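Let's take a walk through a protein model together.

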Amino acid sequence: MIVWLNGTHGAGKTTTSPLVQQLLPDSRVFDAEKVGETLMDISPGLPATTNFQHWPPWRPLVVETARRVLDYTGGTLVIPMTVLVEEYWREISAGLAEHAIPVRHFVLHADQDTLRGRIAGDPLGPNSPFRLEYLDPYAEAARTWLHREAEVVDTTHLMPAEAARQIAEALKDEGPLDITG
């Protein structure tokens, strides 16, 4: 099974995902960004882009990596990864469905002021222009499709441990979602 933690920068995915993992027996965190980093290391480089998710190989490689890891280890993968392009989410979820991998898709959400404050205060990269530029696309995705496609966990006033507990409780209560349709 996959527990996908979506949402924009500052929503709490990176901090919450290991806390979710600790609450789920036989689970691991898989950072799909590492697949993008591998593609960025190809030399000479792939065509220029502002986001590795735009490279067509990234999406099926995420699916294949997740599938192979689950085939090897079993259990649950917790994947903290922002996906704001609906077509990309459809491609990933369809790929996982082809392999009969159940997915629970959560969006960690916070209001814009909270997101800006978290990004401004991030000790690893305060006021990151890259992270800030995703606030408007996130708001648009949330309004048009993303919040309909996932279970929304509002992290505006939640500590990461509380968000993790809320996700673990939702998993316990309902089991995996059928992403086929």
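In which helix is the place of Ala-94? Look at helix α4, residues 86-98, and you'll find Ala-94 there. Keep in mind that this is a predicted model. Is Ala-94 buried, exposed or partly exposed? Its relative accessibility is 37%, so Ala-94 counts as partly exposed. Now hop over to Leu-146: that's 52 residues from Ala-94 in sequence, and the two C-alpha atoms sit 16 Å apart in space.

With a relative accessibility of 59%, Gln-22 counts as exposed, because anything over 50% does. Along the chain, Gln-22 and Ala-168 are 146 residues apart, yet their C-alpha atoms are separated by 9.7 Å.

Time to go inside. In soluble globular proteins, nonpolar side chains tend to be buried together. Here, the largest nonpolar core has 32 residues, and the ones touching the most other members are Ile-2, Trp-4, Trp-58 and Ile-79. Strands β1 (2-6), β3 (76-80) and β4 (103-109) are among the elements that each supply at least two residues of this core, and so are helices α2, α3, α4 and α7 (135-149). Zoom in on Ile-79: setting aside neighbours within four places in sequence, its contacts are Ile-2, Val-3, Trp-4, Leu-5, Phe-30, Ala-32 and Ala-66. There's another core lying apart from the largest one, with 19 residues that include Val-3, Ile-119, Val-153 and Leu-171.

Helix α2, residues 33-40, deserves a stop of its own. Which of its residues are buried? They include Val-35, Gly-36 and Leu-39. These three are on the same side of α2, because they cover an arc of only 100° around the axis. Part of what covers the buried residues of α2 is α3, residues 58-73.

Finally, let's look for empty space. Rolling a probe the size of a water molecule over the atoms shows where such space is left. The largest pocket has a volume of about 1000 Å³. It is lined by 43 residues, and His-9, Lys-13, Thr-14, Thr-82 and Arg-131 are the closest to its centre. Which helix gives the largest share of the lining? That's α1, with five residues. Helices α2, α5 (112-120), α6 (129-132) and α8 (160-174) also each supply at least two. Sort the lining by type and you get 19 nonpolar, 15 polar and nine charged residues.

Methods
Residues numbered from 1 in each chain as written. Predicted model: local features only at pLDDT ≥ 70, side-chain atom pairs only at ≥ 80, totals over all residues. Heavy atoms only, no water. Buried < 20%, exposed > 50% of the residue type's maximum accessible area, 1.4 Å probe, protein only. Helix = DSSP H or I, 4+ residues; strand = E, 2+ residues; numbered from the N terminus. Arc of directions from axis to C-beta. Contact = heavy atoms within 4.5 Å. 1 Å grid on protein atoms, 1.4 Å probe; cavity = no way out; pocket = protein on both sides within 12 Å on 5 of 7 lines; lining within 4 Å. Points joined across faces, edges and corners; volume = space filled by probe spheres on them. Nonpolar A, V, L, I, M, F, W, Y, C, P; charged D, E, K, R; others polar. Core = buried A, V, L, I, M, F, W, Y, C linked by side-chain atoms within 4.5 Å.
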